[in-house]
Amino acid sequence: MLVGCAALTTQTTQVVRTVVFEPSIESDTAITNGFELLGRVSVRNAQQRFSGNVHWQHTKHEDTVLLLSPLGQAVAEIFRNHDGVSLTTSKQETFYAGNVEDLTAELLGWRLPLNGLRYWVQGKHSPLSRASVDYDSEDRVIAIRQDGWEIMFTQYFSADAVLSDRSAVRPRIFELRIEDLTIRMVVDQWNKV
């Protein structure tokens with residue numbers, strides 16, 4: 001079920017409207033459906049540069065993110081559940097923390113905002129904190145500003161390209177920025193779990 005030949009839609013950059021959303025705990029369960037994605041990631045900041053592949057499995061209760069080198073070797077495996085977060089390095093050393101951002105900042109040299117990213121990768125804002133969202137003329141999200149991050153969406157899968165979930169148009173290429181850190185993700189395959 002590869003989508004390499006799937007139709008893509010390019011995001012227009014003209015903002016038609018901006019909506020500010022306040023936190024809403026009740027809507028949290030509505031958009032945390034499970035998914036599995038395969039893609040590529042590049043990370044840049046003043047101290048670090050990383051590019052490679054990503055395999056992410058997300059369920060309502062846990063996340064497993066595998067970061068791979070461009071040649072497919074495991075760089076790090078991040079596991080998050082209600083008990084906390086662990087990161088296992090390529091040397092099979094495992095480290096634990098209360099949240100993903102602190103753990104990845106310490107061990108990888110850059111912050112991975114997994115709590116927000118589980119929504120942003122779906123082209124949605126997190127309902128757990130205030131967000132400002134820009135929309136284009138087709139009512140697709142162009143940008144989200146939330147928790148200090150700016151997320152910019154540049155390309156989407158077309159509605160019929162995502163074979164496992166035709167009801168949702170998913171982002172294909174997007175970029176996250178905070179301070180001097182830039183994370184760019186390209187989603188190659190998306191499956192609903």
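Reply: Gladly! Gln-92 is exposed, with a relative accessible area of 61%. This is a predicted model, in which local features need pLDDT of at least 70 and side-chain atom pairs count only at pLDDT 80 or more, while totals for chains, interfaces and linings use all residues. Residues are numbered from 1 along each chain as its sequence is written, and side-chain values use heavy atoms, leaving out hydrogens and water.

Me: Why is Gln-92 called exposed?

Reply: The label exposed needs over 50% relative accessible area, buried means under 20%, and partly exposed is in between (1.4 Å probe, protein chains only). Gln-92 has 61%, so the residue counts as exposed.

Me: Where does Gln-92 lie, and what is its phi?

Reply: Gln-92 sits in the loop between β7 (84-89) and β8 (94-97); strands such as these are DSSP runs (E, at least two residues), helices are runs of H or I with at least four, and both are numbered from the N terminus. Its phi is positive, about 65 degrees, although Gln-92 is not a glycine.

Me: What makes Arg-40 and Asp-188 a salt bridge?

Reply: A salt bridge is a side-chain nitrogen of Lys or Arg within 4 Å of a carboxyl oxygen of Asp or Glu. The closest N and O atoms of Arg-40 and Asp-188 are 2.7 Å apart, so this pair meets the definition. Arg-40 lies in strand β3 (residues 35-44) and Asp-188 in strand β13 (residues 181-192), so the pair ties together parts that are 148 residues apart in sequence. Arg-40 and Asp-188 are also linked with Arg-172 in a network of salt bridges.

Me: Is Asp-134 buried or exposed?

Reply: Asp-134 has a relative accessible area of 8%, which is under the cut-off for buried, so that is its label. Its salt-bridge partner is Arg-145, at 2.9 Å from N to O. Arg-145, at 30%, is partly exposed.

Me: How many salt bridges does a search of the whole structure find?

Reply: The search finds 10. Among them is the pair Glu-101 and Arg-111, with 2.9 Å from N to O.
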